[in-house]
Amino acid sequence: MYKTYKVMLVPNNKQITRFFRMAGAARYIYNWVLAEQRDNYKNGKKFIRPFEMMKRLTKLKELQEYSWLNEFSRDLLNQAITDACNAFIRFFERINHYPKFKSKRKSKPSFANKYNKIKISATHVTLEKISLSARQNKKIKNRIRLAEKGRIPTGEKIEYYNPRIYFDGLNWWLSVSVKVETNKMDLTEEGIGIDLGVVDLAVTSENKRYANINRTDIVIRLEKKLKRLQRQLSKKFEMNKVEGRMVITKNINKLKLQILKLHKRLRNIRLNHIRKVINEIINRKPRFIAMEDLNVKLMMKNKHRAKQIQRQCFFEFRNLMEFKCKLFGIKFILVNRYFPSSKKCSQCKVIKKDLKGWMRTFKCICGNTINRDYHAAINLKEWAINKFNSTY
Ligand SMILES: [Zn+2]
């Protein structure tokens, strides 16, 4: 299995300028491939394979008009071709919508480096064609400092996959995958059921509760600040409208940056929280972990709900938990989302139909009275045991 590392880069000014140019070239090629494929598709012709597009690119580069493309590595441009072709393939396979062009304003600047040509040390990453000088010390100029020392594994045996360099609006980042060995632990006999919610983030079948970080003072304070800044920004937008046209001022850009930073900070707080919770659960070495298969997409359709789910990072929780389970050889079980984990009595198995969303306690006619989330977690665990009885 693969683990993806994301590490912030500390490029110098020249490198930053170059990064934006490289991302621009990748975007240009992506859009060019998309245009070619679109025309082709409209005319009812067969999909043009990436290899064919790469041949067309070589021809294109011979033209005076497109000679500027020669200052970029072939791998960077070819990866943009592959990405655009893949977008089309996913469309044909009905995974994605019809591919859209990447706009300069809205798309995230990013580019790729060939996986076997990237070099990573504890402190630096070396990329292709950052420096265009022909001098001897070119190699040094292709090196970019990493913000975190030694986070990405290094060594002769390590192979890197799918290296990408991208800009998140504030900083440049390197994302790279590394193959990791699974690390089988000695597990206990017990499994754990986990109910995710909005009162607490998670309640386990052992009745352990993990707080909702969004209810802590720090997050509430930051959210308030964020709202205030957003209000200021929309006011500034109104004030600076000239004959219906937006005029972007220095102050607007400053506010935008502040908002972006705050968003980042909030996200980091939330992700750190779920990492801590997951590590604590994993450290109890359960035999399996059973969670509800929240159809996040479906739940996102309700606007109010969507915001809560996003703030709680359910999707990230699920993905990280699955990854950690795989890493340590713990069975990860997603419970069918039509299973009535809240409504079915864990003792007499009768389904309580009139359980309302606001009821925090589950009360059954058989006398079973129990906290709602704890009860759901027990049911999820039971479901997993019943389902996989033969294997345990
Ligand atoms: Zn009952």
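## Strand pairing

Helices (H or I, at least four residues) and strands (E, at least two) are DSSP runs, numbered from the N terminus, and two strands pair if DSSP finds at least two bridges between them. This is a predicted model, in which local features need pLDDT of at least 70 and side-chain atom pairs count only at pLDDT 80 or more, while totals for chains, interfaces and linings use all residues. Residues are numbered from 1 along each chain as its sequence is written.

Strand S5 (residues 143–146) pairs with strand S1 (residues 2–10) in the antiparallel sense over 2 bridges. Strand S4 (residues 124–126) also runs antiparallel to S5, to which 3 bridges join it. Arg145 of S5 is the bridge partner of Val10 and of His124.

## Domains

The domain assignment, which is automatic or from a database, gives domain 1 (2–179) and domain 2 (192–391). Their centres, taken over C-alpha atoms, are separated by 34 Å.

## Nonpolar cores

A nonpolar core is a set of buried Ala, Val, Leu, Ile, Met, Phe, Trp, Tyr and Cys residues joined through C-beta atoms within 7 Å. A residue is buried if 20 or more other C-beta atoms lie within 10 Å of its own, with C-beta atoms placed from the backbone.

The largest core has 34 residues, and Ala26, Ile29, Val33, Leu76, Ala80, Ile81 and Ala84 touch the most other members. Elements supplying at least two residues each include helix H1 (13–42), helix H3 (74–92) and S5. H1 gives the largest share, 9 residues. Apart from this core lies another, of 29 residues, among them Ile194, Ala202, Ile213 and Phe317.

Note on methods
A residue is buried if 20 or more other C-beta atoms lie within 10 Å of its own, exposed if 12 or fewer, and partly exposed in between; C-beta atoms are placed from the backbone.
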